[in-house]
Amino acid sequence: MHPSQSELLKLKNLGLASVNILHSIGIRTYEDLHRIGPVEAFISIRNRGINASRVMLYALQGALLDVHWNDLDPDLKQQLVTEADRLLATQNSN
């Protein structure tokens, strides 16, 4: 196993499939994910044609906060979805 895989696998909410998806968009470490942020990472995943649900968005945020995605504050979840939807809509209008 590559060292960066094991680093990401130690984060809450991220299993091997999620880590492989993150690697496919160039995220290899916690720092990469932190720098890019959960919304931009989610958008990049969707732009690769991967049908990621909102749970993936929540899981990425939870991984950064060391919180299970289901325990995120509902307002934070809504904020993430609103931002992702806005960015996706902007992309689709271009």
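Which residues does Ala-59 touch, not counting residues up to four places away in sequence? In the predicted model described here, Ala-59 touches Lys-12, Asn-13 and Trp-69 once those sequence neighbours are set aside, where contact denotes heavy atoms within 4.5 Å.

The structure is a prediction in which local features need a pLDDT of at least 70 and side-chain atom pairs count only at pLDDT 80 or more, whereas totals for chains, interfaces and linings use all residues. Residues are numbered from 1 along each chain as its sequence is written, and side-chain values use heavy atoms, with hydrogens and water left out. The pLDDT is the predictor's confidence in each residue, on a scale from 0 to 100. Its mean for the protein is 93, and 94% of the residues reach 70 or more. Confidence is lowest in helix H1 (residues 3-9), with a mean of 75, and highest in helix H5 (residues 54-65), at 98. Helices are DSSP runs of H or I of at least four residues, and they are numbered from the N terminus.

Helix H5 holds several of the residues examined. Ala-59 belongs to this helix and is buried, because its relative accessible area is 6%; buried means under 20% relative accessible area, exposed over 50%, and partly exposed in between, for a 1.4 Å probe and protein chains only. Ala-59 and Leu-14 are 45 residues apart in sequence, yet their C-alpha atoms are 7.1 Å apart in space. Gln-61 is likewise placed in H5 and counts as buried, because its relative accessibility is 11%. Apart from residues up to four places away in sequence, Gln-61 touches Pro-38, Leu-72, Leu-76 and Leu-80. Val-55 is also found in H5, but it counts as partly exposed, at 34% relative accessibility. The C-alpha atoms of Val-55 and His-34, which are 21 residues apart along the chain, are separated by 18 Å.

The packing of helix H4 (residues 38-47) was examined next. Its buried residues are Pro-38, Val-39, Ala-41, Phe-42, Ile-43 and Ile-45. These buried residues pack against helix H2 (16-24), H3, H5 and helix H6 (74-93). An α-helix has 3.6 residues a turn, so residues three or four places apart point the same way. The axes of H4 and H5 come within 9 Å and cross at roughly 140 degrees, the axes being lines fitted to C-alpha atoms over the stretch in contact and the angles running from 0 to 180 degrees between N-to-C directions. The crossing of H4 and H5 is right-handed; a crossing is right-handed if the near helix is turned clockwise from the far one by less than a right angle, and left-handed if anticlockwise. In this pairing, Pro-38, Val-39, Ala-41, Phe-42 and Ile-45 of H4 meet Met-56, Leu-57, Leu-60, Gln-61 and Leu-64 of H5. After H4 comes Gly-49, whose phi is positive, near 85 degrees.

H5 also meets H6. The axes of H5 and H6 come within 10 Å and cross at roughly 120 degrees. H5 is therefore oblique to H6, since angles under 35 degrees count as roughly parallel, over 145 as roughly antiparallel, 65 to 115 as roughly perpendicular and the rest as oblique. The contact is made by Arg-54, Leu-57, Tyr-58, Gln-61 and Leu-65 of H5 together with Leu-76, Lys-77, Leu-80, Val-81, Ala-84 and Asp-85 of H6. The crossing of H5 and H6 is right-handed.

Two loop residues were also considered. Val-67 lies in the loop between H5 and H6 and counts as partly exposed, at 24% relative accessibility. Leaving aside neighbours within four places in sequence, Val-67 is in contact with Lys-12, Asn-13, Gly-62 and Leu-72. Lys-10, in the loop between H1 and H2, is exposed, because its relative accessible area is 71%. The C-alpha atoms of Lys-10 and Ala-63 are separated by 9.1 Å, although these residues are 53 apart along the chain.

Asp-32 lies in helix H3 (residues 30-36) and is buried, with a relative accessible area of 15%. A polar atom of the Asp-32 side chain lies 2.8 Å from the backbone nitrogen of Arg-28. Residues up to four places away in sequence being excluded, Asp-32 touches Gly-26 and Ile-27.

Terms used:
A polar contact is a pair of N or O atoms within 3.5 Å; within protein, one must be able to donate a hydrogen and the other to accept it, and residues adjacent in sequence count only if both atoms are side-chain atoms.
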